[in-house]
Each structure stands twice: as structure tokens, then as C-alpha cells.
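These are my notebook entries on one protein chain. I set down what I looked up, entry by entry.

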Amino acid sequence: MLVLPMLYPLPTSADEHEGLEEVIVTAQKIEQNLEDVPSSVSVLPGSLIEESGADNISDLNGTVPNVILQDMVFITNTANMAIRGIGFFDTDPFADQKTQVLVDGIPHARVTGLGHDQIDVERVEILRGPQGTLFGRNSLAGTVNIITRAADQDPGIAVRAAVGEYGLSKFVVSAESGEVINDSLRTRLTVSKRNYDGHITNAFNGNRLGVQDSNMLRLKLDHSISNVATTLTYYRVDEESDGIATSNVIQDPYGTADGDVHLVNMDTDGFNNSNESGFTLLSDIEFESGTVYIAANSHDSDFLLYTDLDGRAGAQPPARGPNPRLNVNIGFDIDHGQDSVEIRFHDAHSSRWDYVLGVFTFRESARRFFYQNIGPPFSATFAFEDAARTTIAEQRTNSIAAFAQTDFRLNDRFVLIAGGRITQDEKDVTVSNFGLPAPAPQRPPIVLNAKTTWDQPTWRLGTKYEYSDSLMGYATISTGYKSGGFTSRATVPENVGPYDAEYVTNYESGVKANLFSNHLRLSAAVFYADYEDLVGFVRRTNATGRGNEPINENLGDVDIKGLEFESDWLLRPNLNVDFAVGLLDAKWRNFAVDLNNDGIVTDNSDLDVLMAPSLTAYGAINYTSYLRESALDFRIEARYQSRYNSFGESNDEIFYRPGTTMVNGSIKLTWGARGNGVSLFGRNLTDKDAPKLTIGASIFPVAVYEPPRVLGVELRLNI
């Protein structure tokens, strides 16, 4: 239960502090004090994103035990997350996530777009372990819920402007209407713009790689009348990136031969354009018998990537594999749309029963256009305009679920927990492969069709015992489910699928305490998770018969056990210390597949489980000095993750991220009743050259490093 304090409080005298602030979460679909939730939950306040110079959730990596929050290696704006050793990094629009990500309680079905800038965030709730009962599909490893700020009661304008190294500039404006129309309506409009010139250089042409231009708009309307409270939100995010920031993958896989891991000695460029927009309706209707909640959303996105996958220019050493001198440029364009509606009822009027029940429907359409430019002689240039569209893959998903969960209080201290959910997922796919244009070898188009339905119950049982008002213990058994599916990259019928669903049973017990008159808050949890039919990559022969393609397949079963401890200690009214640690032991119990397409099924259980560091630790100190009507805040933090495999298909050293400690800090001066301030922030203060992530592409490993030290300054004005 990592509960970071309000990192940068408004100026106040020391005697006004009465301990740690109460933290309210929606981890059980209703608003509760975090200390009452019988599961392992972490809460990151929005101020941690804003004041530390972070831009998106990947910048929060290392703050939560047994959780990895990364972006993809060479696909910007795309999330790569793992909770308790279960990771997922597939951009295939047919592939469902293993960690469900929500924005204001609305599921975001694809990993593309999850790496966008997160602006105007109130808090981020991270629920570890399966959440199959209340959150349903794709919450196999856990759930991340990003809660945006509500409209305020008072009118005003807030401005944030920041500049930093490597051409970093950020500008955010939020405008509040306050309560209008008989105090029944409040509005909040937030717009932002961020530019970044990138920190990696292409040594061949001098271009910067990883250049970003991000723009966001969110309009929120809160309306209350009688017994109905409704929030309407419109949002739009547009991000463009120039240059794909990869390592020197052929001549120098580690990127260290020239002494600069951010100087790439290969000719690689490319671009990534990502656009998302949507409309959300959240409504609470109060009745004498309870409350009806309605959550509806319509979301559209377009994600276009084009990259030089081989990175060779002129006479260079050949790549590994069957085609050592093949030049490859690829791209894909994903059009995605989703609609969802959840209706649930919550009754807490009984002194013994506290229950929630509901239904959920989800509809999704995804289309992936795949472009390939191999040559010469197949094309005159390697530009995207000359690339051939070789594949069109479409998937239509329909999902419906019904769920219920109740807390039954046996007496003043002992509570029983029981819940269940039944989910039906139907997927209908069409994959059309056209091959390369002449003079490449010609073949007739291959059109593949498949349709499958999965029905899966998930459940949760547990107990909670309240030893006192400040000490609670719990024990639960919970299950999670992710439906089977298909592979859009497939070019032959047997590679399309389907593969089977994944399932997990998680056993967890924990304790939560609030001690020393609300000055020390801590939690601890131990768990064991039994994963069955875990899905991952294998290589299979493609339609040409000369190469292979990565497809998804059920690999086997995994056992994971671990411990999590988190604390938040207000040592003095102006001194706060956070500490968290996670221990993890993840092993394959059964992993017998033909992993490398050599026709031989082998026992691969000696491979390390993907993205499962055995130790994660986090520590932060926040000190405030009060100066009349102003406050000066100092914050320093360290994030550690031990060595772990970031690929999962090989134990070669190239695929490991070494044990890494990242140090960040900030100093902020706040003045006046409105909380105006200026801050100096620094990320990676020790300027550590640490590999961030390495995966195996179809030809060779691809790696990136953590960004270098970045210093910046931000001004905040509240008008």
C-alpha cells in the first residue's frame, strides 16, 4: 500500500499538521479509505507526475514494488508493463493485455497509446494480483486505474510552464468555470503541449532520434441535480515522434563501443504518429435502496509506425539469420475503435451486507495494415511512400459479463468476502496477405478467417479481520482470466490461431496498519500465484517458406510467489519518508514447446520468466522548510530494480537489464495563498547509463538505454 503524501503542500504552519492525509480509492468499484481495502494496492498522486518532471506512467517505473512500468523499445507511445512477474509488450491489435489499464474506470483495450503523456491526473491506483471479479477481462496480472482531476467548485486558471535539457518544453493550462447555473454545473478545460528534441543521435546523418511533439485536450463537465451526478468528458491526444531510438544492434549490440550509448552508429530513422480521442459518461443515481453507477465510453485511435528494422547503411557486417544482408523497413497502421458500457448497483445500507453487482458490455474493432519495403530490387527507395501494403488484418470483439461481490460482516471485526463474474468473449478475425510486388516471387492472396468464443467464470473468496481501528488483516483467494485469441502477423492458417485462454489463481494474505496517531502508515502482503497456459511468442515458418514470423501461443505454466512491504512515515510535521520493497520468485513449472521453429519440442523451463526482478525497492525523503508565507520543499528519491530478463525467449546476457538504481530529485518554492510556485527537477541525477529494455527482433536484438540526466525548471501560477 504505497501511499505517497501530498509531495508539495501549500504553505502552512507546522502545528496545522495532524498526521497523514486520508487516501480514498476505488479499488473495489466504490470509494473507500485505502486502509480498508483487503488487497495489495498502491496509490501515486498526480503531483508525483507533475512536480518530478515525469510525463507519462513509464516515468513512474520503480516507485511501486513488484511493478514494471516501461515503454516499448522502438515503438513510442506504447506501454510495456509487468505486475508480479507477468509482463506484456505485444503491439499486435489482436492481442489482449495481461494488465488491464483504465482511465477513470474505462478500459483502454490496446497497449498502443498507453505511453501518451498523462496530464491533469489526480492519482494512479495500481492493484496487484488478478482482479477478475470486479474488473474482469485482461486483469490477469493486475489493474492500473488512472483517475483524472474533477472540475473544481471555484473558478480560476492554472498555468504550468517548464523547460529543460534536450529541447524539453512543456506548457499546460487548466481553466475552471466554478459552480454556475444555480451551482449545478462545473467545467474544467485542460490543454497541454510538450516538445522534446531527443537524446539519441544518428551518427550517419546527425538526426536526433526520439524527437516528440505531444498535444492533449480534456474537457470535463460535472453536473449535479437532485439525486443524479453526471460527469461528461471529451479528450484528445496527438503525438508525433521522429526517429526510432534503438541501439547499435548489429556491430555493437550493447551500444558501448564508441563510449556513448546515446550515439547510434547505424543509419536508422523512422517516425510514429499516434492520435486518440473519445467521450466518457459517468453517472451516479442515488435511490433509497442504493446507488446506480453508469460508465460509458466511445474511443477511437490511429497508430502509425514506420521504421528501419535492420539499421544498415553501406558495407557493414551482416546480420544474423538466414538472410544476412537483407535490408528491411516495415510499418504498420492500426485503426482501433471501442465502445463499452458498465451498469452496477451498490447497496451499503444494511449493517451487515455491503454488496455491488453489475453488467458490462464491450465492443471493439481493430484493423492493422502492414507495410513492407525490402530491397532493392523490390523498391526504388526505402521511404514509407514506396512501401508495399502486404497484409490487412481485422478483428471484431464482443464481450459481455455479469458480476457481483459482497462483504458480509459477521460481527464488529470479522468480515467475509465473496464474489464472482462470468464473462463471454467472442472474436472474429480476417487476415488477408497479398505478398510483395514484382519482381518479388509472386503468389495468390491468402485470406484467412476464424471465429471463436470463450466463456470463463472468475471468483474471489476472502476474510478481513479488523483488530482495531488502526490495524486490519486479510486473506483472499482470487482468480483472473484473459481470453484466447489470434495473431494478426500470421501469413499461413496454422499460425493465425486460436490459442487458448490464460488463467491464474492467486493466494494472498496481508496486514495494514496506521500507527503513532496517524503518523505511520504501512502494509505488507505475501502471495502465491499459479498461472496456467501463459501466452507468449514463438517463431513459425511464414508463407514464403524462407523466413519465420513471431506468433502467440500457449507456452506453459508459471509459479510466482513474493512479498510486498510499503510504508509512509511522517517523522515530523515537515519531514516525510517513504519506503517500499518487493521480493519475487518466478519460475516456469511447465514450458515445453518448439520455441525456435526447428521442429523439436524442448523443455524450456530453465529460461527466466519475463520481466520478473527478484528485488525492487523504493525510498524517498521529502523535507519542507516554512518561511513566513512561503514553503521550500526538498525531495530526493531512489528506485532500484534487480537484474531481470526483458525478452523471455533466451537467457543470453544481451537480453538482461542489469540491477539498476535511478535517483531523481526536486526543489520547489511555493508562495501565497494560491500556491504559486517554481521548481527545479532532475531525473537520473547520477547520469547512469543503464539498459532500459532489450527484446529480440526477427533479425537481431534491439535495445535502448535509460535517458541521460535531464534537468529542468517549472513555473506554476494559479490565477
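Predicted model: local features only at pLDDT ≥ 70, side-chain atom pairs only at ≥ 80, totals over all residues.

**Entry 1: surface.** I then looked for a nonpolar patch on the surface and found one formed by I157, L669, W671, L715, L717 and I719. Together these residues have about 480 Å² of accessible area. Two elements, β37 (660-671) and β41 (710-718), each give two or more residues to the patch. I checked one member, W671, which is found in strand β37. Its relative accessibility is 32%, so I recorded W671 as partly exposed.

**Entry 2: overall make-up.** I noted two helices and 41 strands in the protein chain. Of its 719 residues, 60% are buried. I also looked up the contacts between residues at least 6 apart in sequence, and 67% of them join residues at least 24 apart.

**Entry 3: cores.** Which residues touch the most other members of the largest nonpolar core? I found M81, V124, I126, V144, Y531 and I560, in a core of 41 residues. Several elements supply at least two residues each, including α1 (46-51), β5 (79-83), β9 (121-128) and β29 (548-572). Strand β28 gives the most to this core, with five residues. Apart from this core lies another one of 16 residues, and I68, L305, I330 and F332 are among them. I then listed contacts of M81, leaving aside its neighbours within four places in sequence. Among them are I57, I68, F88, V144 and M611.

**Entry 4: aromatic rings.** I counted 16 aromatic pairs. Y306 is in strand β20 (residues 290-308), whereas F384 is in the loop between β22 (353-374) and β23 (388-409). The pair thus links distant parts of the chain, 78 residues apart. Are these two residues buried or exposed? Y306 counts as buried because its relative accessibility is 6%, and F384 counts as partly exposed because its value is 21%.

I next looked up Y371 and F384, whose ring centres are 5.1 Å apart with planes at 65°, so this pair is edge-to-face. Y371 lies in strand β22 and F384 in the loop between β22 and β23, so the pair ties together parts 13 residues apart in sequence. Y371 is buried, with a relative accessible area of 15%. Finally, I recorded that F271, Y306, Y371 and F384 form one aromatic cluster.

Note on methods:
Residues numbered from 1 in each chain as written. Heavy atoms only, no water. Helix = DSSP H or I, 4+ residues; strand = E, 2+ residues; numbered from the N terminus. Buried < 20%, exposed > 50% of the residue type's maximum accessible area, 1.4 Å probe, protein only. Contact = heavy atoms within 4.5 Å. Patch = residues over 30% accessible without salt bridge, like charges linked within 9 Å, V, L, I, M, F, W, Y side chains within 5 Å. Areas by Shrake-Rupley, 256 points an atom, 1.4 Å probe, with all protein chains shown as cover. Salt bridge = Lys/Arg side-chain N within 4 Å of Asp/Glu carboxyl O. Core = buried A, V, L, I, M, F, W, Y, C linked by side-chain atoms within 4.5 Å. Phe/Tyr/Trp six-rings, centres within 6.5 Å; stacked < 30°, edge-to-face > 60°.
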